[in-house]
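Please look at the sequence and the model first.

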Amino acid sequence: MANASGFFTPSVPSLRLRGRIQTPIGIYRTGFLSPEGFSLRVFCSNPAQGSDKLASGSGASSSESRAPRLVSQGCKLVGCGSAVPTLKVSNDDLAKIVDTSDEWISVRTGIRNRRVLSGKESLTTLAVEAGRKALQMAQVDPDDVDLVLMCTSTPEDLFGSAPQIQKALGCKSNPLAYDITAACSGFVLGLVSAACHIRGAGFQNVLVIGADALSQYVDWTDRGTCILFGDAAGAVLVQACDSEEDGLFGFDLNSDGDGQRHLNATIKENEMDNALGSNGSVLDFPPKRPSYSCIKMNGKEVFRFAVRSVPQSIESALEKAGLPGSSIDWLLLHQANQRIIDAVATRLEVPPERVISNLANYGNTSAASIPLALDEAVRSGKVKAGHTIAAAGFGAGLTWGSAIVRWQ
């Protein structure tokens, strides 16, 4: 598994190598940091082979049959995909329902349009479409997926949406699928989690999806927040590779619960329950049905937090990777506000032509923003194989994190 420092500790769960090792294996493990980046070495022995030798009278001892062999494994990004709703809501459209204008919004945020779920569209269908495109680019069959990670704060089921995505993708082998909730930092956490499963447990293909529908939690009469958010899904296929091809060089992950007061959507009591009263029941029982409030944000504090913490996080990840800032080909930040993106780029001395931004077209899509922007940059030919990307997410929690990755 991994800790927030960007180094992998030698804790390794059961090893699973689909299609390569058909019998149980024993595991010995050690982790180390090389100048080229982190590599995990897993010593594997096959007890079944040893028992076969003993049964055949080969004379091999138990210790000989379990002699470890060295397996070294890295991970790399090999496919991406994205999906957005059909309904486009422009700044001019919002000006019809709240006191605002296209100029007021674009000058302060850089946003001009956003996409919003409507009709029969759902977040799950967007996530499935994005995931399917990532698998197609990577030329990986759904049956070869070992794990689906759904990074979202707006699941369509209280217990998580990932298993439904796994089912819709046609993963007949029933791979593990679960949700990760870390708001706008979710996708970065998903990438690091994928690396943990590959490096620490021998998984071969991990599908990481970032998807959110924050339009459902926006107060559309509050011009301070309703102008910011849109809905989308993006996905990346992370695949096992030789340690020499490892594409995750370093990372840095953080959280600060004290900052939760600046950005949240907390549970509130249902006003209808209060109106109905206890109806003669025992005090405070049955429990009242809760619901979530609309998103509440202190924009100035969130801005200060982002421009202070994100550059520090990226610099920390670069230091752990042993790379200079000049090695970055692209800066890819969570698409929250163009002013934040510009301020972070300035502090890191990254020129505008090396900054990826599609904020103007989609707004803040939370966990989807990084993979959505990456997918567009890859398919347009901007990001090419071998390019190094500094990616960073930041948002509610407060949470923030960065990862230095290589595309393919």
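Helices (H or I, at least four residues) and strands (E, at least two) are DSSP runs, numbered from the N terminus. The model is predicted: local features need pLDDT of at least 70, side-chain atom pairs count only at pLDDT 80 or more, and totals for chains, interfaces and linings use all residues. Residues are numbered from 1 along each chain as its sequence is written, and side-chain values use heavy atoms, with hydrogens and water left out.

**Largest pocket**

- A pocket is an open set of points on a 1 Å grid over the protein atoms alone, with protein on both sides within 12 Å along at least five of seven lines; a cavity is instead a set where a 1.4 Å probe fits but cannot get out.
- Grid points are joined across faces, edges and corners, and a volume is the space filled by probe spheres set on the points.
- The largest pocket holds about 1,200 Å³ of space.
- Its lining has 47 residues, and F229, L263, I295, M297 and A396 are the closest to the pocket centre; a lining residue has an atom within 4 Å of a point.
- Two or more lining residues come from each of α4 (102-109), β11 (263-264), α9 (299-321), α10 (338-347) and β17 (388-395).
- The element that gives the most to this lining is α9, with four residues.
- By type, the lining of the largest pocket has 23 nonpolar, 18 polar and six charged residues. Here Ala, Val, Leu, Ile, Met, Phe, Trp, Tyr, Cys and Pro count as nonpolar, Asp, Glu, Lys and Arg as charged, and the others, Gly among them, as polar.

**Largest nonpolar core**

- A nonpolar core is a set of buried Ala, Val, Leu, Ile, Met, Phe, Trp, Tyr and Cys residues joined through side-chain atoms within 4.5 Å. Buried means under 20% relative accessible area, exposed over 50%, and partly exposed in between (1.4 Å probe, protein chains only).
- The largest such core has 41 residues, of which V310, I314, L331, L333 and F394 touch the most other members.
- At least two residues of this core come from each of α9, β15 (330-333), α10, β17 and β18 (399-406).
- With eight residues, α9 gives the most to this core.

- The expected span of a helix is 1.5 Å times one less than its number of residues.
- Helix α5 (residues 123-138) has 16 residues and should span 22 Å; its end C-alpha atoms are 23 Å apart, which agrees.
- The buried residues of α5 include L123, L126, A127, A130, A134 and A138.
- An α-helix has 3.6 residues a turn, so residues three or four places apart point the same way.
- Q139 follows α5 and has a positive phi, near 55°.
- Of the 16 residues of α7, 15 are buried.
- G202 follows α7 with a positive phi, near 75°.

**Cysteines**

- A disulfide is a pair of cysteine sulfur atoms within 2.5 Å, and the count is zero.
- The cysteine sulfur closest to that of C196 is in C75, at 9.0 Å, too far for a bond.
- C196 is buried at 7% relative accessible area, and C171 is buried at 4%.

**Backbone exceptions**

- Most residues other than glycine have a negative phi, and most peptide bonds are trans.
- G397 and L398 are joined by a cis peptide bond with omega about -5°; L398 is in the loop between β17 and β18.
- N174, not a glycine, has a positive phi of about 55°. It is in the loop between α6 (162-169) and β7 (176-180) and is exposed, at 61% relative accessible area.
- S366, not a glycine, also has a positive phi of about 55°. It is in the loop between α11 (359-362) and α12 (369-379) and is buried, at 2%.

**Loop positions and C-alpha distances**

- Q204 is in the loop between α7 and β8 (205-213) and is buried, at 9% relative accessible area.
- P142 is in the loop between α5 and β6 (147-151) and is partly exposed, at 21%.
- P142 and S173 are 31 residues apart along the chain, and their C-alpha atoms are separated by 8.8 Å.
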